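The tour below moves from one selection to the next and says what is to be found at each stop.

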Amino acid sequence: MSHIPHALYEDFPETVPHLARLKLQDAHFARLSARYHEVNRTLHRAETGLQTCSDEEARKLRASRSRLGEQIAAHLTPAQD
C-alpha cells in the first residue's frame, strides 16, 4: 500500500487519541472523517496518475478536502486546550 499524504493522523498528530475516540463516539465526526479519507484517497490517485481527473475535478477535490479538514479541526479544537 502506498503512502497517502494528508492523512488525518499526519495533519493533526497531537490529536490521534482524540481522533480515534471521536470516530467511535460521534457519528457525525465519523462521517466527516470517512468522507475526508475518501476525497483524499481519490485526489492522491489522480495526482499520482492512477486515476484520470480533470484540472477542475482536482480543484474541487482539493477544496472539498480543505472544507472537510476545517470541519474536522473545529471538532478537535476543544481537545487541544
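Begin by selecting Gln 51, which in this predicted model sits in the loop between H3 and helix H4 (55–80). Show the side chains around Gln 51 and, once its neighbours within four places in sequence are set aside, you will find it in contact with Thr 42, Arg 45 and Ala 46.

The C-alpha trace spans about 40 × 25 × 20 Å along its principal axes. Of the 81 residues in the chain, 30% are buried, and the chain exposes about 5,400 Å², of which carbon and sulfur atoms supply 53%. Among the contacts with a separation of 6 or more, residues 24 or more positions apart account for 67%.

The mean pLDDT of the chain is 88, with 91% of its residues reaching 70 or more. Which elements have the lowest and the highest mean pLDDT? Helix H1 (residues 8–11) has the lowest, at 86, whereas H3 has the highest, at 95.

Next, select helix H2 (residues 16–25) together with helix H3 (residues 27–47), and look at how they pack: the angle is about 115°, and the axes are 6 Å apart. The crossing of H2 and H3 is left-handed. To see the contact itself, show Leu 19, Leu 22, Lys 23 and Gln 25 on the H2 side, and Ala 27, Phe 29, Ala 30, Ser 33 and His 37 on the H3 side. Sorted by class, the residues of this contact are five nonpolar, three polar and one charged.

From that set, keep Leu 19 of helix H2 as the next selection. Leu 19 has a relative accessible area of 5% and is therefore buried, since the cut-off for that class is under 20%. Beyond its neighbours within four places in sequence, Leu 19 is in contact with Leu 8, Tyr 9, Phe 12, Phe 29 and Leu 76. A C-alpha to C-alpha line from Leu 19 to Ala 30 covers 9.2 Å, and the two are 11 residues apart in sequence.

Finish with His 6, in the segment before H1. What is the phi of this residue, which is not a glycine? The phi of His 6 is positive, at about 70°. Most residues other than glycine have a negative phi, and for that reason the backbone here deserves a look in the viewer. At 36% relative accessibility, His 6 counts as partly exposed.

Conventions
Residues numbered from 1 in each chain as written. Predicted model: local features only at pLDDT ≥ 70, side-chain atom pairs only at ≥ 80, totals over all residues. Heavy atoms only, no water. Axes fitted to C-alpha atoms, helices over the stretch in contact; angles between N-to-C directions. Helix = DSSP H or I, 4+ residues; strand = E, 2+ residues; numbered from the N terminus. Left-handed = near helix turned anticlockwise from the far one by under 90°. Contact = heavy atoms within 4.5 Å. Nonpolar A, V, L, I, M, F, W, Y, C, P; charged D, E, K, R; others polar. pLDDT = per-residue confidence, 0-100. Buried < 20%, exposed > 50% of the residue type's maximum accessible area, 1.4 Å probe, protein only. Areas by Shrake-Rupley, 256 points an atom, 1.4 Å probe, with all protein chains shown as cover.
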